[in-house]
Amino acid sequence: MASQRFDVDQIVKQAKQLPSPPLVLARLMSLMNQPNRSRADLVRVIEVDAAFTAEILRVVNSAAYRRARRIRSVGDAIALLGEAELVRIVVRRASAVLSLPEVPGYGLEDFGLWRNSLRIALAADAIAWQTGALPSAVAYTAGLICDVGKLALGAYLAEAVDEVMDWQLANPGSQWVEAERAVLGLDHAELGALMVEDWGLPEEIVEAVRYHHRPRHAGDASMLAYHVHVADAVASMVGGVQGIDGLWYSLDPYWSELIDLGANQFDSLVDDVRGMSEAVEQQLKAG
Ligand SMILES: [Fe+2]
């Protein structure tokens, strides 16, 4: 029985009041969906935000990325690091809203939301390279932000986590998001989609966030939603930083019809993502 004690409108309102990423993220994602974009277009999108450009230059000149010579422009950074790596850095910095030490309710501590989101992003990026079905930067971004709704829903979940778990246990075979919906009135995927829509990100990313736990309902965004969904499963197998809901993760059985990853490739992807996420975390610590 759904609880009436949670006011969904109030939850959504509070979620939209959380800090949003700089506009550069929405502009970058819209550019990434344009097949004929040039390197100059990419430079323009980033450089339009002077403060953000300064921050990116600080990052690429930090100990973690430093090359033989000092990088003085976004164009130089792309020439030295490559477009894909620079876009990853930009998206990571722009998504720093996820970087909270802990998220109540979900049992995410020690920057767990950020670290697990990074793993989903790296896995989605790698899967997109493999399938060639969509731009890897878009997959990376959708993966990084798919669980952003947890930031806002966590405080409410903390009040009702026993009820959510009881509902889950009373409904065998159900998903964690169904339990969230039943008890809290909405789930973190829906709430995240409303936040991401508010940030001005493309519709495809909004829908992929909304349906990342039930990708077959994502309509035109189902390819992206399946990439994020499978990436989420890969991240959960890396282990270590998953929240309470990870215990109930269930993979949509139709994923393999859209995404061609053999069993061995799945396992090697888990190892690759473990290695890549550890390397990025080391870079961020060193930076
Ligand atoms: Fe999720």
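Here is a short walk through this structure, from its domains to its core and a pair of helices.

The model is predicted, so to speak of local features a pLDDT of at least 70 is needed, side-chain atom pairs count only at pLDDT 80 or more, and totals for chains, interfaces and linings use all residues. Residues are numbered from 1 along each chain as its sequence is written.

Let's start with the overall layout. The protein chain is divided into domain 1 (8-21 + 99-286) and domain 2 (22-94), with bounds from an automatic or database domain assignment. Taken over C-alpha atoms, their centres are 25 Å apart. Domain 1 brings 15 residues to the contact and domain 2 brings 14, where contact means C-beta atoms, placed from the backbone, within 7 Å.

Now look inside. The largest nonpolar core has 84 residues; such a core is a set of buried Ala, Val, Leu, Ile, Met, Phe, Trp, Tyr and Cys residues joined through C-beta atoms within 7 Å, and buried means that 20 or more other C-beta atoms lie within 10 Å of a residue's own. Helix α7 (residues 112-131) supplies the largest share, 11 residues; helices are DSSP runs (H or I) of at least four residues, numbered from the N terminus.

Which residues does Ala124 contact, beyond its neighbours within four places in sequence? Among them are Ala139, Tyr140, Ala142 and His227.

Finally, α7 meets helix α8 (residues 136-145): their axes, lines fitted to C-alpha atoms over the stretch in contact, come within 7 Å and cross at roughly 155°. The two are therefore roughly antiparallel, a label for angles over 145 degrees.

Definitions and conventions
A residue is buried if 20 or more other C-beta atoms lie within 10 Å of its own, exposed if 12 or fewer, and partly exposed in between; C-beta atoms are placed from the backbone. Two residues are in contact if their C-beta atoms, placed from the backbone, lie within 7 Å. Axes are lines fitted to C-alpha atoms, for helices over the stretch in contact, and angles run from 0 to 180 degrees between N-to-C directions. Angles under 35 degrees count as roughly parallel, over 145 as roughly antiparallel, 65 to 115 as roughly perpendicular and the rest as oblique.
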